[in-house]
Amino acid sequence: MNPDPGPAFDPDLDLALARIIRAPRATVWRAWIDPSRLERWWVPAPARCRVDHLEPRPGGAFVTRLSEDGAGFVPHLDACFLAVDELHRIVFTNAVDSAWRPADPAPVAMTATITLADHPEGTDYRMVVRHGDPEARARHAKLGFAEGWGSVADQLAALAESTVTRRAPR
């Protein structure tokens, strides 16, 4: 089953990144739905992440905390999953919090769609982050969307690829 990818990309409202991860889709998927694995890549290093709630199902909570020094953890993300299509797609928003209450999150409200597809080298990993208006998109871009989301995608790739058993050439 290949789920509906959602609305078309709007360059005035959306930001996107893509990576080829040299690991099976199931490995990348597990890195998203296993809290102990998500903590290892979800925030840009050297910061650290703690997962308070991870319920990968529509309406489920997605709550993380962040630490710059490894000691004190502060709120990072309080979000709600909108769609979870096993091995294919994860959609979450921070515009609705984990208690299903409308939110006005800092620095920007967004809805993120993560898609996974088979690729000859492993997994085609794509992220589209949607914003409510061009100003929010511009603010997110200026705050370092490409660098931040790009670095965590690289960290995800490193984690997933490190678990793949490589066959020796014949």
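At 2% relative accessibility, Trp32 counts as buried, where buried means under 20% relative accessible area, exposed means over 50% and partly exposed lies in between, computed with a 1.4 Å probe on protein chains only. The model is a predicted one, in which local features need pLDDT of at least 70 and side-chain atom pairs count only at pLDDT 80 or more, while totals for chains, interfaces and linings use all residues. Residues are numbered from 1 along each chain as its sequence is written, and side-chain values use heavy atoms, with hydrogens and water left out.

Phe92 is also a buried residue, because its relative accessibility is 0%. To follow how these rings meet, one needs the rule for aromatic pairs: rings of Phe, Tyr and Trp (for Trp, the six-membered ring) pair if their centres lie within 6.5 Å, and planes under 30 degrees apart count as stacked, over 60 as edge-to-face and the rest as tilted. By this rule the model contains 12 aromatic pairs. One of them joins Trp32 and Phe92 in a tilted arrangement, with 6.2 Å from centre to centre and 45 degrees between the planes. This pair links distant parts of the chain, since Trp32 belongs to helix α1 (residues 25-33) and Phe92 to strand β5 (residues 89-93), 60 residues apart. Helices and strands here are DSSP runs numbered from the N terminus, with helices being H or I over at least four residues and strands being E over at least two.

Phe92 has a further partner in Phe62: the ring centres are 5.0 Å apart and the planes stand at 80 degrees, so this pair is edge-to-face. Because Phe62 lies in strand β3 and Phe92 in strand β5, the contact ties together parts that are 30 residues apart in sequence. Phe62, like Phe92, is buried. Ring pairs extend this picture into a cluster that links Trp32, Trp41, Trp42, Phe62, Phe81, Phe92, Phe145 and Trp149.

Strands of a sheet pair through backbone hydrogen bonds, either parallel or antiparallel; in the present description, two strands pair if DSSP finds at least two bridges between them. The sheet of this model is open and has 7 strands in the order β1-β7-β6-β5-β4-β3-β2, with antiparallel pairing. At its edges stand β1 (14-21) and β2 (48-54), each of which has a single partner strand, so one side of each is left without a neighbour in the sheet.

Within the sheet, β5 pairs with strand β6 (residues 111-119) in the antiparallel sense over 5 bridges. Phe92 stands opposite Ala112 in β6, and Ile90 has Ile114 of β6 as its bridge partner. On to strand β7 (residues 122-130), β6 is joined by 9 bridges, again with the two strands running antiparallel. Ala112 has Val129 of β7 as its bridge partner, and a hairpin of 2 residues connects β6 to β7.

The loops hold several backbone features. Most residues other than glycine have a negative phi, and most peptide bonds are trans. Leu87, in the loop between β4 and β5, has a positive phi of about 70 degrees although it is not a glycine, and with 29% relative accessibility Leu87 is partly exposed.

At least two lining residues come from each of β3 (61-67), β4 (74-85) and α4 (145-162).
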